[in-house]
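Work through the exercises below with the sequence and the model open. Try each task before you read its solution.

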Number of protein chains: 2
Amino acid sequence: MSNVRYYHAGCPVCVSAEQTLLGLLDPKVQVEVVHLGEQSSRIAEAEKAGVESVPALVVDGQVLHLNFGAAIADLK
Amino acid sequence: MSNVRYYHAGCPVCVSAEQTLLGLLDPKVQVEVVHLGEQSSRIAEAEKAGVESVPALVVDGQVLHLNFGAAIADLK
């Protein structure tokens, strides 16, 4: 099954996108939700994966930036 | 069930996002895929829904812009 991570920062755009998208996913898909505001130690991991802004969904190494909530640089 | 439309224009970013995302969705979710390059008559509908660029997923009136392939204005 795919490796799926949802990176967000608790912003309104992030919460809205999460509610919109995650409910549509196949129940078999396990999504790890990572709050970069609370887990700043994982910002480097997100950047390495290619995440430039949140919210973003990373699927098997492919990054989907969903709308624009905040730039990664602003979370540091 | 949710009303889901995927608007795209056949661009590389659009195709990549479609492959990444649509395969993760619940099989019960029916997605209408709309190619605005081929169905330019539906550009107005997309704009009315709030789509500013493609690819975009519209879920029950909520727009998720996925990365950036092309601006709607450039499809006209």
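Buried means under 20% relative accessible area, exposed over 50%, and partly exposed in between (1.4 Å probe, protein chains only). Helices (H or I, at least four residues) and strands (E, at least two) are DSSP runs, numbered from the N terminus. The model is predicted: local features need pLDDT of at least 70, side-chain atom pairs count only at pLDDT 80 or more, and totals for chains, interfaces and linings use all residues. Residues are numbered from 1 along each chain as its sequence is written, chains are lettered from A in the order in which they are written, and side-chain values use heavy atoms, with hydrogens and water left out.

**Exercise 1. A helix and its faces**

Task: Which residues of helix H1 (residues 12-22) of chain B are buried? Which exposed residues sit on the face turned away from the buried side?

Solution: 
- Step 1. List the buried residues of H1(B): B:Cys14, B:Ala17, B:Thr20, B:Leu21 and B:Leu22.
- Step 2. Look down the axis of H1(B). The buried residues fall within an arc of 165 degrees, so they line one face of the helix. The arc is taken from the directions that run from the helix axis to the C-beta atoms.
- Step 3. Turn to the face away from the buried side of H1(B). There, B:Pro12 and B:Gln19 are exposed.

**Exercise 2. The core**

Task: Which residues have the most contacts inside the largest nonpolar core? What does B:Leu57 touch?

Solution: 
- Step 1. A nonpolar core is a set of buried Ala, Val, Leu, Ile, Met, Phe, Trp, Tyr and Cys residues joined through side-chain atoms within 4.5 Å.
- Step 2. Take the largest core. It has 56 residues, and A:Leu57 and B:Leu57 have the most contacts inside it.
- Step 3. List the neighbours of B:Leu57, where contact means heavy atoms within 4.5 Å. Residues up to four places away in sequence are not counted. From chain A, B:Leu57 touches A:Leu21 and A:Leu24. Its neighbours in chain B include B:Val4, B:Tyr6, B:Leu21, B:Leu22 and B:Leu66.
- Step 4. In soluble globular proteins, nonpolar side chains tend to be buried together.

**Exercise 3. Two copies**

Task: What rotation and what shift along its axis superpose chain B on chain A?

Solution: 
- Step 1. Superpose the copies by least squares on the C-alpha atoms of residues with pLDDT of at least 70 in both.
- Step 2. The rotation is 180 degrees, the shift along its axis is 0.0 Å, and the RMSD is 0.0 Å. The two copies are thus related as by a two-fold rotation axis.
- Step 3. Compare the interfaces. Of the interface residues of chain B, 100% are also interface residues in chain A, so the copies meet through the same surface.

**Exercise 4. Salt bridges**

Task: How many salt bridges does the structure hold over all chains? Which parts do the pairs A:Glu47 with A:Lys76 and B:Arg42 with B:Glu32 tie together?

Solution: 
- Step 1. Apply the cut-off: a side-chain nitrogen of Lys or Arg within 4 Å of a carboxyl oxygen of Asp or Glu. Over all chains, the structure holds ten salt bridges.
- Step 2. Take A:Glu47 and A:Lys76, whose side chains meet at 2.9 Å, N to O. A:Glu47 lies in helix H2 (residues 43-49) of chain A and A:Lys76 in the segment after strand E4 (62-71), so the pair ties together parts 29 residues apart in sequence. A:Glu47 is partly exposed at 36%, and A:Lys76 is exposed at 67%.
- Step 3. Take B:Arg42 and B:Glu32, which meet at 2.8 Å, N to O. B:Arg42 lies in the loop between strand E2 (31-35) and helix H2 (43-49) of chain B and B:Glu32 in strand E2, so the pair ties together parts ten residues apart in sequence. B:Arg42 is buried at 15%; B:Glu32 is partly exposed at 32%.
- Step 4. Find the network in chain A. Salt bridges link A:Arg5, A:Glu32, A:Arg42 and A:Glu45.

**Exercise 5. Backbone features**

Task: Where is the cis peptide bond that involves A:Pro55? Which phi does B:Asp60 have, positive or negative?

Solution: 
- Step 1. Check omega. The bond joining A:Val54 and A:Pro55 is cis, with omega about 0 degrees. A:Pro55 lies in strand E3 (residues 53-59) of chain A.
- Step 2. Check chain B. The bond from B:Val54 to B:Pro55 is cis too, with omega near 0 degrees.
- Step 3. Check phi. B:Asp60 is not a glycine, yet its phi is positive, about 45 degrees. B:Asp60 lies in the loop between E3 and E4 of chain B and is partly exposed at 48%.

Terms used: Contact = heavy atoms within 4.5 Å.
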